[in-house]
Structures are given as structure tokens and as C-alpha cells.
Amino acid sequence: MTMDRYVITGKQRLEGTIRTSGAKNASLPLMAAAILAEGTTVLQEIPHLTDITSMADVLVSLGCKVTLDHNECSIDTSALNDCIVDETLMRKMRASNLILGPMLARNGRVKISRPGGCAIGTRPMDQHIKGLQELGVTIEERHGYIEARADKMRGGEIYFDIPSVGATENLMMAAVLTEGTTLIRNAAREPEIVDLQNLLNKMGAKIRGAGTHVIRIDGVHKLTSTEHTVIPDRIEAGTHMVAAVMTGGDITVENIIPEHVSPIIAKLHQGGAEVTQNGDSVRVRHNGKFKAVDIKTLVYPGFPTDLQPQFLALLTIADGTSIVTETIFENRFQHVAELRRMGAKITIEGRTAVIHGRPNLEGAFVEATDLRAGAALFLAALAAEDGTVLERIDHIDRGYEDLERKYREIGAKLQRVVKQ
Ligand code: UD1
């Protein structure tokens, strides 16, 4: 783990074009899905991120051959020979739990260390487990491990109490090679789930309904490897859009699916920013004061929780008072204490933050506590007066490809300081 930090000089107006990388949260399930196909799956536009190398490490530990070259990831699963993911790999990244479904489908057995809580919440696995049991999987939880066996798997009907993204993906992958029909009701509808359906169908699966509340999977006997290009990262794109407003700048974000960022576009409009769409790019311009707006995080197509910290950072310098309500994770306000160090006026009451906009933020020593909190502080530092030292940017490296290069090219003044 690197303990690098950014030293950022604020108040630079950002102007120019920035290209969004492939989506981290789509890449991770697509990589796990490679387990399902015989042969070599080739994925394009996979971003260079530590979360991606963690998933590659998990696949390698199971016997797969993984190569990452530029933004192409090849996964050869012909030598798959293990079914246990150890604690260290699991602790590096929760999303390793996405191998549960595909391993059960391909191998009939899997054992993973139970993921713990993380900085933003306790994050249980009950929906994943309940869904798998519905398909006939036996699950035992012992000594901090989840051990699952698929001796009598068959199609089934699953109803999620919460539309969990990971559980929806895991169940799609578990059911795809299972005899009979599986219905997932109250499924999550995120674009990353549609991308997973597209890859699996290219491999020969019969899945319909991703992007709606009901997904139907008709089991097939075999999947064949294929090539696929991952969708652009809507959270990264949204972060750049907020950067344009916070720096009074003019940024064109390329490689974007505008529909995927519609809640962000709506909120930026509401606050007075100028947003124009042109094919697969979106231009965001702003000068003057951004008006306070309220946001509430919801499952897609609501406002994404993964952009709540960045948007909250913007609201600290908006004109007026805003209310931000976090409904997805119970503890996702860790960026607030750090933003206060930069002069932000925020009070928290349970899952609600009240933000009193101020004319300016001030540079300070701050620390990223998780990925998106890190992004929020990064944006705050770009907008703040004077310099900011942002510690623990290993969190940011998990989810933003080439951040320094991309931001230097549009006029940011920042430096990565490598800690020995
Ligand atoms: C995914 C994203 C993450 C994003 C989140 C919500 C990836 C790799 N990560 O995470 O960036 O913040 O969606 O959009 O795609 N829950 C349960 N029981 C379960 C599963 C989830 O109670 O079995 C709860 C969680 O604690 C959380 C909520 O449901 O409060 C949403 O979680 P979920 O949609 O599962 O998020 P992830 O798939 O982990």
C-alpha cells in the first residue's frame, strides 16, 4: 500500500477536455464473469486501478491466467484449480465477493473469507446468501469464512428485500449455468448490471430484464469466452462535472453515456450550472455562485451514493443552505469532519447533513478515509484558497485512473508526493 499524498494548489480555473475511463464497478463483475466461460475472455477499457489488480490477484489465486496490458484484460480460466479466497485478498477489496456466484456455477464449490465492515457501513451479505440458498446452494458460515456448495442447484425465484447491486450480479452469475428459469425480483437496476447482462449474453447466456426490477435467467449448459468493452465510469464522469462547477471552469467530459449521469446533470442545472450534451460528451460551465440544492441518495436512477461526498463538497461553497440525505449507507459522512477542517459549515443529524454554504474553503491538512471521501476532498482542495495536503490517496488510487495527468492537462496544480 502506498502512503502517498497530494499537494494541491487551489483556485485554478479548470478548462479543457477530460476523458472518462472504463467503469471500475462494471469491470469488477465482468472480470468475475470470465470464470463462467471456457477459454480466454478479453475485456477492453479496463481501468488501471488498485481494485482491478486486487480482482486480478483473486482470479490468479484460483488458478486463472490474467494479463493486463494497457486497458485490455485477458482472463484465461482453463487452469482454474482452487476455490478458496484467502483473508488477505478478501480484506483488500469487498467486491471479491463477486466470485461467489460464478465459482458456484462453474465449480460447484467456493469458500471466501467473510467480508468485514468498511469505512462507510457494516455492509452485510444476507441478500447474496438468501438468493443463493433459493437456488439450492448450501451455505455454512464458520470461523469467519463463508463456504458454499452447489450440489443440487436449480432455477428459483428470488425476492430481494433491498435492491443490492452486488447481490443482483452474484445471483445472475450463479443462475446462468443452472438448469431451469431463475427470476430475480426487486433487482438493482444500475447500468453496470446491464453491462454484465450484455457480456453474459455474448457468451451465450439467456438473460433478459437487466435495467428493470425483474431479471429472468434461462439456464444454459455452457458459456463461450468472448470480447467486450466495458461502459464508461459514470461516477468518475460525475466527479469531473462537479470539478468544473467548483473551479468556475469549463470542462468537456468525453466518453460518457449521458443517460447514466442524468441525476447529476439535473442537480447541476438546478444549481445554475450550464450543462450541454453532445453525443457521448457533456460540457459543464459555470461562473458566479452555485445555488444551494438538496440531494437524497437512492438506488439507480436516483442520485448515486458514490457521488454524494463530491456533491456535498460542492455545496459547502454554494449560495444558501442545502440538505443532503444518505439513504444507502449508514456511515457515509466521514468526509464531513475533514471538510470542516477546510472551513466548511456542516451539521449532521443521523443520515442527514445540513450544509451552510460559505464563500470559500481554505486549504488544510486533510486525510481521505475512503475512495469517494478522497474524491470529495480532492475537489475541495482544487476550489480552496491556498494549498492543501491530502493524505492517504491510496484510497483514491482504488477508483480514479490517471487522476494527476488528467487534472494537470486541464490546468490543475498538483503534485503526488511519494512517501518512503
Ligand atoms: C456497489 C458499488 C458501490 C456502491 C453501491 C451502492 C461495486 C463494486 N460497488 O456496492 O460502489 O456504493 O453498489 O450503489 O459495484 N446490503 C444488505 N445486504 C446485502 C447486500 C447489501 O443489507 O446482502 C445493503 C448494504 O449494506 C448497503 C445497500 O444494501 O447499505 C446497498 O449495497 P449494495 O447495492 O449491495 O452495494 P455493493 O454491491 O456492495
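How many cavities of 30 Å³ or more does the structure hold? The structure holds 1. On a 1 Å grid over the protein atoms alone, a cavity is a set of points where a 1.4 Å probe fits but cannot get out.

This is a predicted model, in which local features need pLDDT of at least 70 and side-chain atom pairs count only at pLDDT 80 or more, while totals for chains, interfaces and linings use all residues. Residues are numbered from 1 along each chain as its sequence is written, and side-chain values use heavy atoms, with hydrogens and water left out.

**Stop 1: the cavity**

Select T20, P232, D233, R234, A237, N255, I256, I257, H260 and V261, which line the largest cavity. Lining residues have an atom within 4 Å of a grid point. The volume of the largest cavity is about 40 Å³; a volume is the space filled by probe spheres set on the points, and grid points are joined across faces, edges and corners. The lining of this cavity has 5 nonpolar, 3 polar and 2 charged residues. Here Ala, Val, Leu, Ile, Met, Phe, Trp, Tyr, Cys and Pro count as nonpolar, Asp, Glu, Lys and Arg as charged, and the others, Gly among them, as polar.

**Stop 2: the second largest pocket**

Next, select V245, M246, G248, G288 and I317, the closest to the centre of the second largest pocket among its 18 lining residues. A pocket is an open set of points with protein on both sides within 12 Å along at least five of seven lines. About 250 Å³ of space lies in this one. Colour α8 (234–246) and α12 (371–383), the elements that give two or more residues to its lining. Helices (H or I, at least four residues) and strands (E, at least two) are DSSP runs, numbered from the N terminus. By class, the lining of the second largest pocket divides into 10 nonpolar, 6 polar and 2 charged residues.

**Stop 3: helix pairs**

Show helix α1 (residues 24–33) and helix α7 (residues 191–203), whose axes come within 9 Å and cross at roughly 30°. Axes are lines fitted to C-alpha atoms, for helices over the stretch in contact, and angles run from 0 to 180 degrees between N-to-C directions. That angle makes α1 roughly parallel to α7, a label for angles under 35 degrees. The crossing of α1 and α7 is right-handed: the near helix is turned clockwise from the far one by less than a right angle. On the α1 side select N25, A26, P29, L30 and A33, which meet E192, D195, L196, L199, L200 and M203 in α7. Contact means heavy atoms within 4.5 Å.

K24, S27, L28, M31 and A32 in α1 meet D51, I52, M55, A56 and L59 in α2. This contact has 7 nonpolar, 1 polar and 2 charged residues.

From α6, V165, T168, E169, M172 and M173 meet E192, I193, L196, Q197 and L200 in α7. This contact divides into 6 nonpolar, 2 polar and 2 charged residues.

**Stop 4: backbone exceptions**

Most residues other than glycine have a negative phi, and most peptide bonds are trans. Select E45, in the loop between β3 (40–44) and α2. E45 is not a glycine, yet has a positive phi of about 65°. Finally, go to P301, in the loop between β18 (295–296) and α10 (308–315). A cis peptide bond joins Y300 and P301, with omega about 5°.

Key. Parallel < 35°, antiparallel > 145°, perpendicular 65-115°, else oblique.
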